[in-house]
Amino acid sequence: MDNDQWTLSHNALRCEIKSMIQALGLFMGRIDNGGVPEWAVNTIKEWWESHVAHITDHCKSEETSYEPMFTERFNWPAEIDELHDALDSVKDKVQTAIDKLNTEKSTVAAVRDALSNYEETMLKHFQVEETTALPLMRAYFTPEEISVVQRKILEDAPENAMRALIYAMSPLMVPNSVV
């Protein structure tokens, strides 16, 4: 199931967050007393805006494509919806940190810390989906039935989602390194 489109899209999101947390940590080590350059503040904000578009599309696809289809043949695990709500809550906390981001180093640290909490919740959410809904999907639907839905999800995804998916599938990224 590691090569399932659903898992691969999770890997893309895992990779996005992990890479940004690592980049912010390295960046903070290079910030001198002059503070954070304005271009860096803007870049972080633009990255977050792009990530929000990606994760919003991903969750919307699960809620509007997978869940209705799956509930025709099996019970959608309630824990997935609960974790979606938890993910929205920690995403809002990252947004608050992003909104407060400025040229002070402490605000970059606040974004990194908020992203770390967000990552933790995201990974729990993905783990539940990949160990409950994904096996149920494979048990109750043929690959042909699923491929139609997954193709539509990919066709409708924002461009940055496709770029992240391709990057996460590259030889440089091993699934165990982004989990």
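Predicted model: local features only at pLDDT ≥ 70, side-chain atom pairs only at ≥ 80, totals over all residues.
Local features were taken only at pLDDT of at least 70 and side-chain atom pairs only at pLDDT 80 or more, whereas totals for chains, interfaces and linings use all residues. Residues are numbered from 1 along each chain as its sequence is written, and side-chain values use heavy atoms, with hydrogens and water left out.

Helices are DSSP runs of H or I of at least four residues, numbered from the N terminus. Helix 1 and helix 6 pack with their axes 8 Å apart, at an angle of about 90 degrees (axes are lines fitted to C-alpha atoms over the stretch in contact, and angles run from 0 to 180 degrees between N-to-C directions). Helix 1 is therefore roughly perpendicular to helix 6, a term for angles of 65 to 115 degrees. Leu8, Ser9, Asn11, Ala12, Cys15 and Glu16 of helix 1 meet Asn160, Ala164, Leu165, Tyr167 and Ala168 of helix 6 (contact: heavy atoms within 4.5 Å). By class, this contact has 7 nonpolar, 3 polar and 1 charged residues; Ala, Val, Leu, Ile, Met, Phe, Trp, Tyr, Cys and Pro count as nonpolar, Asp, Glu, Lys and Arg as charged, and the others, Gly among them, as polar.

The axes of helix 2 (residues 38–70) and helix 6 (residues 159–168) come within 8 Å and cross at roughly 90 degrees. The contact joins Ser50, His51 and His54 of helix 2 to Asn160, Ala161 and Ala164 of helix 6. Its residues divide into 2 nonpolar, 4 polar and no charged.

The structure holds 8 salt bridges, each defined by a side-chain nitrogen of Lys or Arg within 4 Å of a carboxyl oxygen of Asp or Glu. One of them pairs glutamate 130 with arginine 14, with the closest N and O atoms 2.9 Å apart. This pair connects helix 4 to helix 1 across 116 residues. Both glutamate 130 and arginine 14 are buried (buried, under 20% relative accessible area; exposed, over 50%; partly exposed, in between; 1.4 Å probe, protein chains only). Glutamate 120 and lysine 124 form a salt bridge at 3.8 Å; each is partly exposed, at 46%.

Histidine 10, in helix 1 (residues 5–30), is buried, with a relative accessible area of 0%. Its contacts beyond four places in sequence are His58, Glu62, Phe126, Glu129 and Glu130. Glutamate 119, in helix 4 (residues 105–140), is buried yet has no salt bridge, the nearest side chain of opposite charge being lysine 18, 4.9 Å away (Lys and Arg count as positive and Asp and Glu as negative; His and the chain ends are not counted).

Key: Helix = DSSP H or I, 4+ residues; strand = E, 2+ residues; numbered from the N terminus. Parallel < 35°, antiparallel > 145°, perpendicular 65-115°, else oblique.
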